[in-house]
Amino acid sequence: MAGQGRRNAAKGWAPSVGQGRHDGRPHGRREGPNEWIWGWRPVLAALANPARAAPRRLLATAERARQLAGQAPDAPVPEILETPELSRLLPAGAVHQGIAILPGALEPTQLAAIATPAAGVLVMLDQVTDPQNVGAVLRSAAAFGARGLIVQDRHSPPFAGALAKAAAGAIDALPHAREVNLARALDRLADLGWRAVGLAEAAGATLAETLDERPTVLVLGSEGEGLRRLVGEHCDALARLPTVAGFESLNVAAAAAIALYETTRRRR
């Protein structure tokens, strides 16, 4: 398929509607809408990630297919759909930009693999379930050079759909680990040389006052309840962002971006 894509690109190939598809209908079982990844940057990142298995489907409008052949010549030849057909396969309101992929599996990374050697910054999310928030945190973590993301296995959304769109390709640029018990994961990270700093509105010290030069795990809780008690107890320190009284509560994605900036600024 990759060779065919290169040959078509070399010939100035312009796919016709219907090429490489079956009347716009899914083949085999019907895929769930949240299994897809859509949007130009997220799809390109998924195609470029060697850690992924081969994609199960790749859909594009004719114009996007031409662009794909020029920018990613090794990509499989996509099924060509009109924009309304493509929209019907995805969740309502999905801003797909004319392209979507049903990607191959992206397996989580083992915790020790992203934590060894101990250096830099890791981000841990404690029961953050909103996919757009998790995606935005991933995007910030990748932008500020974090080593990886750690989430709770049973209380984290799948790394596809709206999460992938919000991450803008970061799910394929930044490794993630899924852990059943975050408190035990923090103990293992401590053994590997990491210092855990949990964000909590009631903490006495600010994040800037709490950070030092040691490898740091930034631990953030859900917007509603914050860090769970046991997770907070397994952090080496708790810190707050210096917000104005009356506006202490920040969206978890915004809090993560600020915390990552502060942590990175200190190290630079």
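Modeller: The lining of the second largest pocket divides into eight nonpolar, two polar and four charged residues. In this count Ala, Val, Leu, Ile, Met, Phe, Trp, Tyr, Cys and Pro are nonpolar, Asp, Glu, Lys and Arg are charged, and the others, Gly among them, are polar. The model is predicted: local features need pLDDT of at least 70 and side-chain atom pairs count only at pLDDT 80 or more, whereas totals for chains, interfaces and linings use all residues. Residues are numbered from 1 along each chain as its sequence is written, and side-chain values use heavy atoms, with hydrogens and water left out.

The pocket is lined by 14 residues, and Arg 52, Ala 105, Leu 106, Phe 159 and Ala 160 lie nearest its centre. Its volume is about 230 Å³. A pocket here is an open set of points on a 1 Å grid over the protein atoms alone, where a 1.4 Å probe fits, with protein on both sides within 12 Å along at least five of seven lines; a lining residue has an atom within 4 Å of a point. Points are joined across faces, edges and corners, and the volume is the space filled by probe spheres set on them.

Six strands form an open sheet in the order β7-β6-β5-β9-β8-β10, with parallel pairing. Its edges are β7 (176–179) and β10 (237–239), each of which pairs on one side only. On average, neighbouring strands are turned by 25° against each other, direction ignored. Strands (E, at least two residues) and helices (H or I, at least four) are DSSP runs numbered from the N terminus; two strands pair if DSSP finds at least two bridges between them. Angles run from 0 to 180 degrees between N-to-C directions, on axes fitted to C-alpha atoms, for helices over the stretch in contact.

At one end of this order, β6 (residues 148–152) and β7 pair in the parallel sense over four bridges, and Ile 150 stands opposite Ala 177 in β7. Helix α6 (residues 131–143) packs on the sheet, touching β5 (121–126) and β6, and its direction makes about 175° with that of β5. Helix α8 (residues 182–191) lies across β5, β6, β7, β8 (195–199) and β9 (216–221), at about 165° to β5. Contact means heavy atoms within 4.5 Å.

With β8 it forms a parallel pairing over four bridges, where Val 197 stands opposite Leu 218. Six of the six residues of β9 are buried, so the strand is largely enclosed by the rest of the structure. Thr 216, Leu 218 and Leu 220 cover one face, and Val 217, Val 219 and Gly 221 the other; all are buried. Buried means under 20% relative accessible area, exposed over 50% and partly exposed in between (1.4 Å probe, protein chains only).

A cis peptide bond, with omega about -5°, joins Thr 116 and Pro 117; Pro 117 lies in the loop between α5 (111–115) and β5. Gln 127, in the loop between β5 and α6, has a positive phi of about 60° although it is not a glycine. At 22% relative accessibility, Gln 127 counts as partly exposed. Most residues other than glycine have a negative phi, and most peptide bonds are trans.
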